[in-house]
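Welcome, and please open the model in your viewer. We will go from stop to stop, selecting something new each time and looking at what is there.

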There are 2 protein chains.
Amino acid sequence: MSYILQVDFPYTGPWGEDMVPAMEGLAQSIAEEPGLLWKIWTENEAAGEAGGVYLFADRASAEAYLSMHTVRLQSAGVTQVKGKIFRVNDALSKIDRAPI
Amino acid sequence: MSYILQVDFPYTGPWGEDMVPAMEGLAQSIAEEPGLLWKIWTENEAAGEAGGVYLFADRASAEAYLSMHTVRLQSAGVTQVKGKIFRVNDALSKIDRAPI
C-alpha cells in the first residue's frame, strides 16, 4: 500500500535547466527522506507554479514529509502551499502501467 | 520532455478493492489514451476525494485528456474537477529516482 503526495505552490523561477544548479542539493537530500520511493519535480512557467508528485511507502512518512516541507517552503517565503495525500489503488493503477 | 497531469475531485466511493469492479473497464480504456505513459489511481476516503496522477509524453495529449475527462466526470455528476498540468524537470527528478 503506497501513498501519493501532491504538492504545488506559487513559484517565479528559475525554470527547467536553470533550476537544476539551485535545487540539486535539495533533490539529493530529498532522495534520503524516510519512506520516499520517488519524487517527480513539476513546474508550469505559464501558471507561475511548481511543486512535486511523490510516492511514499506509507501514509505516516507522507504526512511527516508534508509537514516538514511546508515549513521549509514557508521559511523560503512560500505561503500558499497546497498539499494532498492519497492512497494508491493498486489494481486499477497496474492496468494503467503505473510505476508503483 | 514529459508532463504530469494531477486530477482530483469530490468522491463518495466505492473505495479500494470495492472500486475495482466498477472502474476496471474505464482503466482499460485509459490505458489506450494517446500519449499516456501511465496513470496512478488515487483515493482519500477521509477527505472524500479521488483522482489520478498521469504521466503524458507531451503537453497536447495531457490537455486533450484533461478536457475529455472533465466532460466525462461532469456527465457523471462531478462538478468540482481540479486539474493541473506541469512539465517534468527531468534532471532533478532523476536524482529522486523518478519513473519518467
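Start by selecting the hairpin of E2(A) and E3(A): four residues lie between the strands, and Gly48(A) among the residues of this hairpin has a positive phi near 65°. Strands such as these (E, at least two residues) and helices (H or I, at least four residues) are DSSP runs, numbered from the N terminus. Now colour strand E3 (residues 49-56) of chain A together with E2(A): the two pair in the antiparallel sense over eight bridges. Strands count as a pair if DSSP finds at least two bridges between them. For one example of a bridge, pick Lys39(A), whose partner in E3(A) is Tyr54(A).

A word on what you are looking at. This is a predicted model, in which local features need pLDDT of at least 70 and side-chain atom pairs count only at pLDDT 80 or more, while totals for chains, interfaces and linings use all residues. Residues are numbered from 1 along each chain as its sequence is written, and chains are lettered from A and ligands numbered from 1 in the order in which they are written.

**Stop two: the whole of chain A**

Select chain A and switch to a cartoon view. How many helices and strands does chain A have? There are three helices and four strands, and along the sequence they follow the pattern β-α-β-β-α-β-α. The radius of gyration of chain A, taken over C-alpha atoms, is 14 Å, close to the 13 Å from the globule rule for 100 residues, so chain A is as compact as a globular protein of that length. That rule is 2.2 Å times the number of residues to the power 0.38. Along the principal axes, the C-alpha atoms of chain A fill a box of roughly 40 × 25 × 25 Å.

Of the 100 residues in chain A, 37% are buried. Buried means that 20 or more other C-beta atoms lie within 10 Å of the residue's own; with 12 or fewer a residue is exposed, and in between it is partly exposed, with C-beta atoms placed from the backbone.

Next, zoom in on Gly13(A) and Pro14(A): the peptide bond between them is cis, with omega near 5°. Pro14(A) sits in the loop between strand E1 (3-10) and helix H1 (20-31) of chain A. Chain B has a cis peptide bond joining Gly13(B) and Pro14(B), with omega about 5°. Most residues other than glycine have a negative phi, and most peptide bonds are trans.

Stay with Gly13(B), which is in the loop between E1 and H1 of chain B. Is Gly13(B) buried or exposed? Gly13(B) counts as exposed, with 12 C-beta neighbours inside 10 Å.

**Stop four: Arg97**

Select Arg97(A), in the segment after helix H3 (90-95) of chain A. Arg97(A) is not a glycine, yet its phi is positive, about 60°. Arg97(A) is partly exposed, with 16 other C-beta atoms within 10 Å. Then jump to Arg97(B), which also has a positive phi of about 60°.

**Stop five: where the chains meet**

Show both chains. The contact takes 35 residues from chain A and 35 residues from chain B; two residues are in contact if their C-beta atoms, placed from the backbone, lie within 7 Å. On the side of chain B that touches chain A, E2(B) gives the largest share, seven residues. Colour that side of chain B by type and you will find 20 nonpolar, seven polar and eight charged residues. Here Ala, Val, Leu, Ile, Met, Phe, Trp, Tyr, Cys and Pro count as nonpolar, Asp, Glu, Lys and Arg as charged, and the others, Gly among them, as polar.

Look for strand E2 (residues 36-44) of chain A beside E4(B): two bridges join them, and they run antiparallel. Pick Thr42(A) to find its bridge partner in E4(B), Val88(B).

**Last stop: the axis**

How does chain B superpose on chain A? A rotation of 180° with 0.0 Å of shift along its axis does it, with RMSD 0.0 Å, so the two copies are related as by a two-fold rotation axis. Copies are superposed by least squares on the C-alpha atoms of residues with pLDDT of at least 70 in both. Finish by selecting Pro99(B), which of the residues of chain B comes closest to the rotation axis, at 3.2 Å (C-alpha).
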